[in-house]
There are 2 protein chains.
Amino acid sequence: MTALVFIESAHPAGRIADPNTPQLSVLDQGVTRGDGIFETAHYRDGAVRKLDAHLARMRSSAASVEITIPTEEAFRTAVNTAVTEFLKEYDDAASVTLEAAVKIVVTRGAEGAEHGTAWVMVSPVSKSILEQRENGIDVMLLERGYDSTVADRAPWLLMGAKTLSYAVNMAALRHAHHHGADDVIFVASDGLVLEGPTSSVLIATEVDGVKKLTTPILETGILPGTTQGAIFAAAEKAGWELGYGPLEPHHLHEADAVWLVSSVRLLAPVNKIDGTEVSRNEELHRELQGLVDQIM
Amino acid sequence: MTALVFIESAHPAGRIADPNTPQLSVLDQGVTRGDGIFETAHYRDGAVRKLDAHLARMRSSAASVEITIPTEEAFRTAVNTAVTEFLKEYDDAASVTLEAAVKIVVTRGAEGAEHGTAWVMVSPVSKSILEQRENGIDVMLLERGYDSTVADRAPWLLMGAKTLSYAVNMAALRHAHHHGADDVIFVASDGLVLEGPTSSVLIATEVDGVKKLTTPILETGILPGTTQGAIFAAAEKAGWELGYGPLEPHHLHEADAVWLVSSVRLLAPVNKIDGTEVSRNEELHRELQGLVDQIM
C-alpha cells in the first residue's frame with residue numbers, strides 16, 4: 001500500500017525500502033527531538049502537483065532550522081521512484097483516477113552525524129479526508145499562544161518553518177475532536193486569525209458582483225500555504241480580487257464562504273465555527289473547486 | 001557504548017537491541033509528528049537517581065498528550081536491563097565512578113496502532129556537559145513567545161508536558177551558540193523568567209545569614225523540574241528558605257548565584273547573562289553541590 005524510498009548518495013535513484021520494517025535509528029534527532037522538516041504533496045492525474053512550491057518551502061524550512069537537505073534533483077528522482085513503486089500495486093485503469101499523499105521528510109540525523117536522514121513516502125489518501133472534502137468540516141477557534149508579531153522578533157520560534165515538532169498541532173486537533181469538531185483554526189493572543197494545524201484559512205466574499213479571496217497575512221508567522229498560493233494565482237487569472245488579512249474571527253462569520261485548504265484534502269468547506277453556522281455559498285465553492293482542479 | 005532496550009509485552013525483561021541498526025518505523029508518529037514523550041534520568045553511584053520523579057512526570061506528560069504508557073514495573077525492569085547492558089563494557093573498577101544518561105521514550109506509534117513504541121537508552125555523559133558543570137555557562141535571555149498565563153487557558157499547547165517536539169528548544173540553543181552563548185533562559189512575552197530549553201532556573205540569595213533558593217512559579221507553564229524539586233527538598237531539610245517566583249530578569253542580576261539545573265548536567269552555574277557577569281558565590285555553590293550529591 002505505502003511506498004518508501006530513502007534519499008542516499010550511494011543510491012542515485014533512491015533506495016526502495018519496506019515501510020513496515022524498522023528503518024530509522026533511535027539516535028536520529030528527527031525522533032528524539034522532532035528535529036527535522038517535511039512536506040506533504042498531492043499525487044493526482046498521473047503527477048505530483050506543485051512539487052516546485054513544496055521543494056521551495058522545504059528549502060526555506062531547511063534554512064530556518066539549519067539542516068542540509070538533498071539536491072532538488074535527488075528529491076525529484078526519489079519522488080518519481082516512490083510514485084512508480086506505489087503504482088505497481090494498481091492496474092493501469094485504477095491508476096488514472098488514483099490519488100495519493102507524497103510525504104517528503106528530512107531529519108537532522110544522529111547527533112554528530114555528517115548528514116541527516118531523508119525519505120519520500122507515498123500512501124493512499126484516507127477515507128476521512130475524502131469525506132471532509134465532500135461534506136465540509138466543523139471547526140473550533142483555539143488560541144495559539146503567540147501574538148501576531150512574534151515571528152519577526154523571535155526567529156528561534158521557527159514560525160513559518162514546517163518542522164516535525166507537531167505535538168501541539170496534534171493536541172489541538174484532539175481537543176477539537178473531544179468537543180465534537182473536526183478541525184481547528186488557530187487565533188493569535190491578540191485576536192488575529194492564523195491558520196489550521198495542517199491547513200491555511202481562506203475566505204470568499206462577493207460584493208456587487210466582485211468576488212474576493214482573503215487569507216491571513218504571512219507576517220503573523222503562519223506557514224506560507226502552497227495550496228493557498230496556487231489558488232490565489234489561479235483566482236487572479238480568473239478575475240478574482242485577492243486580499244491578505246489581518247483577519248479577525250468576525251470576518252469569518254461575515255464571509256460568504258470559509259475553507260481550510262491544504263495539499264491533499266484540498267478545499268474543506270467550513271460548516272460551523274464554534275458551533276455557529278457560517279455561510280456556505282455553493283456557487284463560490286464550485287468556482288473555487290474549478291480553480292483547485294487546475295493546480296499543476 | 002550505548003545500550004538500547006525496547007519495552008514490549010512479549011519481552012517482560014525488555015528486548016535488548018542494537019542502537020546502531022534501524023529500529024523504528026517511518027510510520028511512527030514519534031518521527032512524523034514529534035508525537036511522543038520522554039524523560040532523561042541520571043545514572044551514578046550504581047543507581048538511576050530519582051527514577052520515581054521521572055516516572056511520575058512521564059505519567060503526567062502521558063495524560064497531557066493522551067498516550068498510553070507501559071506499567072511502572074515495565075519501565076523499571078527495562079531501565080535495569082539497559083543499565084546492566086550498558087555496564088557490560090566497563091570493568092568493575094570503572095563502573096564505580098561511571099555516570100550515564102538514561103533516556104526513556106514513549107511515542108504514539110504508527111497511525112492506528114494499538115500501542116506506542118517505548119524504549120530505554122543508556123549512554124555516556126558527553127564531555128561538554130561535564131565541562132559546563134565545572135566551568136559554568138554564559139546564557140542568553142530569549143523570548144518564548146507565550147505569556148505567563150497561557151498554560152491555564154490553553155491546555156492544547158501542552159505546556160508542562162515533556163514531548164518529543166523539541167525543534168524550538170534546539171533552535172533557541174543554536175541561536176545562543178551563534179551569539180557566543182552556551183545556553184538559553186526563556187522569558188515570557190510579559191517579562192517573566194521561565195526555564196531553559198532543557199533545564200530549570202534556580203537563584204540563591206543570602207540576606208543577614210538567611211539563605212534562600214527561588215525558582216519560577218510552575219503556573220507560567222514551565223516543566224516541573226525533577227532536579228529543582230529534589231534540590232528544594234534537600235535544601236529545606238538543610239534550613240534554606242524556598243521561594244517560587246514570579247521572577248523577572250533583574251532578579252537574576254541581583255541574586256548571589258544563578259544556576260541552570262537538570263538531571264544529567266546537574267548544577268550549571270551561570271557566569272554571564274546577555275554578556276553581563278552575574279554574581280557567582282562559590283560558598284553557596286559548594287553548599288548546593290552538597291545537596292545535589294545527596295539526591296537519590
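Between domain 1 of chain A and domain 2 of chain A, 13 residue pairs are in polar contact, both partners having pLDDT 80 or more, and the structure in which they are counted is a predicted model. On the domain 1 side of this boundary, strand 3 (36–44), helix 2 and strand 5 (100–107) of chain A each supply at least two residues, and strand 3 of chain A provides the largest share, with 8 residues. Sorted by class, that side of domain 1 of chain A comprises 8 nonpolar, 9 polar and 7 charged residues.

The domain assignment of chain A places domain 1 at 3–125 and domain 2 at 131–293, and the centres of the two domains, taken over C-alpha atoms, are separated by 26 Å. Their contact draws 24 residues from domain 1 of chain A and 19 residues from domain 2 of chain A. Two salt bridges are also found across this interface, the count being 2. A salt bridge of chain A joins A:Arg133 to A:Glu99, with 2.7 Å between the closest N and O atoms.

The size of an interface is often expressed as the accessible area that is lost when the parts come together. For domain 1 and domain 2 of chain A this buried area is about 1700 Å², of which 59% lies on carbon and sulfur atoms. Within domain 1 of chain A, the residues that lose the most area to domain 2 of chain A are A:Phe38, A:Lys50 and A:Arg57, which together account for 35% of what that side buries.

The interface of chain A with chain B can be described in like terms. Chain A and chain B bury about 4300 Å² between them, and 61% of this area is on carbon and sulfur atoms. On the side of chain A, the greatest losses of area to chain B fall on A:Val26, A:Arg33 and A:Trp156, together 19% of what that side buries. The contact involves 48 residues from chain A and 48 residues from chain B.

The two interfaces are set side by side below.

| Interface | Buried area | Salt bridges | Residue pairs in polar contact |
|---|---|---|---|
| Chain A and chain B | about 4300 Å² | 4 salt bridges | 26 residue pairs |
| Domain 1 and domain 2 of chain A | about 1700 Å² | 2 salt bridges | 13 residue pairs |

One salt bridge brings together the side chains of B:Arg174 and A:Asp35, at 4.0 Å from N to O. The side of chain A that touches chain B receives two or more residues from each of several elements of chain A, among them strand 1 (3–8), helix 2 (51–65), strand 6 (118–124) and helix 7 (167–178). Helix 7 of chain A gives the most to this side, with 8 residues, and by class the side holds 26 nonpolar, 12 polar and 10 charged residues.

As to the arrangement of the two chains, chain A is superposed on chain B by a rotation of 180° with 0.0 Å of shift along its axis, at an RMSD of 0.0 Å. The two copies are therefore related as by a two-fold rotation axis. The same surface serves both copies, since 100% of the contact residues of chain A recur in chain B.

Some features of the backbone remain to be noted. Most residues other than glycine have a negative phi, and most peptide bonds are trans. In chain A, the peptide bond from A:Gly245 to A:Pro246 is cis, with omega near -5°, and A:Pro246 belongs to the loop between strand 11 (241–244) and helix 9 (249–254) of chain A. In chain B, the peptide bond from B:Gly245 to B:Pro246 is cis with omega near -5°, and B:Pro246 sits in the loop between strand 11 (241–244) and helix 9 (249–254) of chain B. A:Asp208, although it is not a glycine, has a positive phi of about 55°, and A:Asp208 is located in the loop that lies between strand 9 (200–207) and strand 10 (210–215) of chain A.

Definitions and conventions
Residues numbered from 1 in each chain as written. Chains lettered and ligands numbered in written order. Predicted model: local features only at pLDDT ≥ 70, side-chain atom pairs only at ≥ 80, totals over all residues. Heavy atoms only, no water. Contact = heavy atoms within 4.5 Å. Buried area = accessible area lost by both parts, 1.4 Å probe. Polar contact = N/O pair within 3.5 Å; in protein donor to acceptor, adjacent residues only side chain to side chain. Helix = DSSP H or I, 4+ residues; strand = E, 2+ residues; numbered from the N terminus. Nonpolar A, V, L, I, M, F, W, Y, C, P; charged D, E, K, R; others polar. Least-squares fit on C-alpha atoms with pLDDT ≥ 70 in both. Domains from an automatic or database assignment.
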